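Please keep the sequence and the model in view while reading the points below.

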Amino acid sequence: MTEMLGRRPALTLLLLIAVLAVIPFVVTNPYYLHVLTIFLLFAIFASGWNLTLGILGLKTLGHHAFFALGAYGSAMLSHYAGVSPWATIWVGAGIAALAGLLIGVPILRIRSMPHVAIVTLAFAEIIRLVLANLKDWTRGELGFWGIDAMPALNLGGTVVEFGTGKPFGSYLLALAFFAGVHALLLVVLRGRIGLTLVAMRDSELAAESLAVDLTRWKLGVFAFSAAIVGLSGALYAHYIQILTPTSTVGPEMLVTLLAMIIVGGVGRFTGPILGALLLTVVGEALREFGDYRMLLYGGIVMLFVLGAPRGLAGWLALIGRRRAA
Amino acid sequence: MTDANLLRLKDISVRFGGLTALNGISLDLRRNASLGLLGPNGAGKTTLFNVIAGAVRPSTGRVTFDGRDVTGDATSARSRAGVARTFQITQPFISLTVRENVMVALTAAGMAMRQAHGAAAEYVDFVGLRAKIDDAASGLSTGQRKRLELARALATRPKLLLLDEVTGGVDRPSIPGLVETIRALHAERGLTMVVVEHHMDFLGALVDEALFLDQGEQLVSGSLAQVAADARVRDIYLGDAHV
């Protein structure tokens, strides 16, 4: 399990959260805070996806559909039914979890990974098309705008506001969810669940022979993973306050998030976090290169795949071991 | 009602498309017995093994285990009922340590992680992997992997242990120790076993009875000595003209 969690994962997470918590009090540039808020939300997304893709080892390529379902689900419910986003984000996560169960059922019967990839990819495309065509409700590619921001909180006399144009509050809110989700993931992965998932990835045959009910476990992980991704989508919706089908469940989202997991380290607890940080920051830094941006972005991803196939997390672990030796 | 037989196979046939892998196999295995499955390559030994473990569903016939019909049960359900196995091509959880490999079995049976951490040592000790307990399973030799699978299987507290070519691929000097460990399970703890093994000399230490399969058919069964003495078996094993 050390390979998945790294050494001292709780301490690493705690230190990271501590550093991230100081940032908004030091960095006041709203653009930097915006970039880091996006990093935090994508880190939640990537870590949720990593559960099925990396830790369980199923080549699921459709998790951006759960992101969109969480985002649109929460946004539409708060917009049309007037329910507080504090409640609807959980509904968004729940909708994504149900969709995860739904897509999990056919996946169970498929042993070939390329087919798993195609089925999940097709599922995401269906979601994109549905969102693009339910124009009366989603306004299609014109964009679903006017989404409510998370209502302000009064914390002991200090009012904290969220949403676009409120970088300080939005960053702290994203950080709170980042901390909560990753603490939960760590508890889950350190225990029986993490042990069983890694065992299933290494040999389904052997795991099954040791009384591990593959069906129950896979469906459970699919729902859990989808719920986390859905939650990140809901938070994203109430932060950016405008959604389009292409920006949430289009191919660019798929590639960006997949690259984060690969560059960070597939199947490693800290991998998606590191990947999201690096690629969000690099992605923004490359904006000045205009059309060459995605080319350079792709080049960096290639460099990592060839030079550090275990990702940043694997590479750091290797350096740590060499130091210790 | 307790059945004197732990395992009953009734008229088991397995067809893969046009190929008949097993044809009308019936078998009663007493509690505390140890049975060897013999036969040349492709005789159906591993298929029969998989039918008992639940990995292959028979085309016809019934499997009864511990007085209950388990024909339709999945592998995980068979494991809970008390069937444990090792694999011909070892299947260690390579990202986990030796201890964690055993903990998978213990926690799947409902044991808490902390408790399983300690309890795993007992099984690892028994198979002689104490020195490797917190090493990655990926670094184990074939012989050690076979021992690890044995520890994992025993951690499910099985009533029936299925061993698939337990000496296969193991370096020769390590074989006697491995065979002795397994022999003790049967002789001293009375564990019921089904063993697929090519080495006749080791088979004698492990099993009392044998079933000889050839081309999916049950050719001879009885005590190991009887089966080994059978003229047809000798023919096939000595590679004499066989039609």
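The numbered points take up the model, its chains, its strands and its packing in turn.

1. Basis of the note. The model is predicted, and local features are given only at pLDDT of at least 70, side-chain atom pairs only at pLDDT 80 or more, while totals for chains, interfaces and linings use all residues. Residues are numbered from 1 along each chain as its sequence is written, and chains are lettered from A and ligands numbered from 1 in the order in which they are written.

2. Confidence in chain A. The pLDDT is the predictor's confidence in each residue, from 0 to 100. Its mean over chain A is 94, and 100% of the residues of that chain reach 70 or more. Helices (H or I, at least four residues) and strands (E, at least two) are DSSP runs, numbered from the N terminus.

3. Overall form of chain B. This chain has 9 helices and 10 strands. Its C-alpha atoms fill a box of roughly 55 × 40 × 35 Å along the principal axes. The radius of gyration is taken over C-alpha atoms, and the globule rule is 2.2 Å times the number of residues to the power 0.38. For 243 residues a compact globule would have a radius near 18 Å, and the 18 Å of chain B agrees with this.

4. The open sheet of chain B. Six strands follow the order β6-β7-β8-β3-β9-β10 in an open sheet of chain B, with mixed pairing. Because β6 (83-85) and β10 (217-223) of chain B stand at the edges with a single partner strand each, one side of each has no neighbour in the sheet. From one strand to the next, the twist averages 15°. Strands pair if DSSP finds at least two bridges between them.

5. Neighbours of β3(B). Strand β3 (residues 34-38) of chain B runs parallel to β8 (residues 192-196) of chain B, with 4 bridges; Ser34(B) stands opposite Met193(B) there. With β9 (residues 209-214) of chain B, β3(B) also pairs in the parallel sense over 4 bridges, and Leu38(B) faces Phe212(B).

6. Two hairpins. β9(B) and β10(B) run antiparallel and are joined by 6 bridges, one bridge pair being Glu209(B) with Ser223(B). The hairpin they form has 2 residues between the strands, and Gln215(B) takes a positive phi near 50°.

7. Helix α3 of chain B. Is this helix covered or exposed? All 11 of the 11 residues of α3 (residues 98-108) of chain B are buried. A residue is buried if 20 or more other C-beta atoms lie within 10 Å of its own, exposed if 12 or fewer, and partly exposed in between, with C-beta atoms placed from the backbone. The buried residues of α3(B) include Arg99(B), Glu100(B) and Asn101(B). They pack against α9 (192-202) and α10 (204-209) of chain A together with α4 (113-126) and α5 (142-155) of chain B. Gly110(B), with a positive phi near 105°, follows α3(B).

8. Contact between the chains. In total, 21 residues of chain A are in contact with 22 residues of chain B, contact being counted when C-beta atoms, placed from the backbone, lie within 7 Å. α9(A) gives the most to the side of chain A that touches chain B, with 6 residues.

9. A buried loop residue. Thr60(A) lies in the loop between α3 and α4 of chain A. It counts as buried because it has 27 C-beta neighbours inside 10 Å. Beyond its neighbours within four places in sequence, Thr60(A) is in contact with Thr52(A), Leu53(A), Val116(A) and Thr120(A).

Notes:
Axes fitted to C-alpha atoms, helices over the stretch in contact; angles between N-to-C directions. Contact = placed C-beta atoms within 7 Å.
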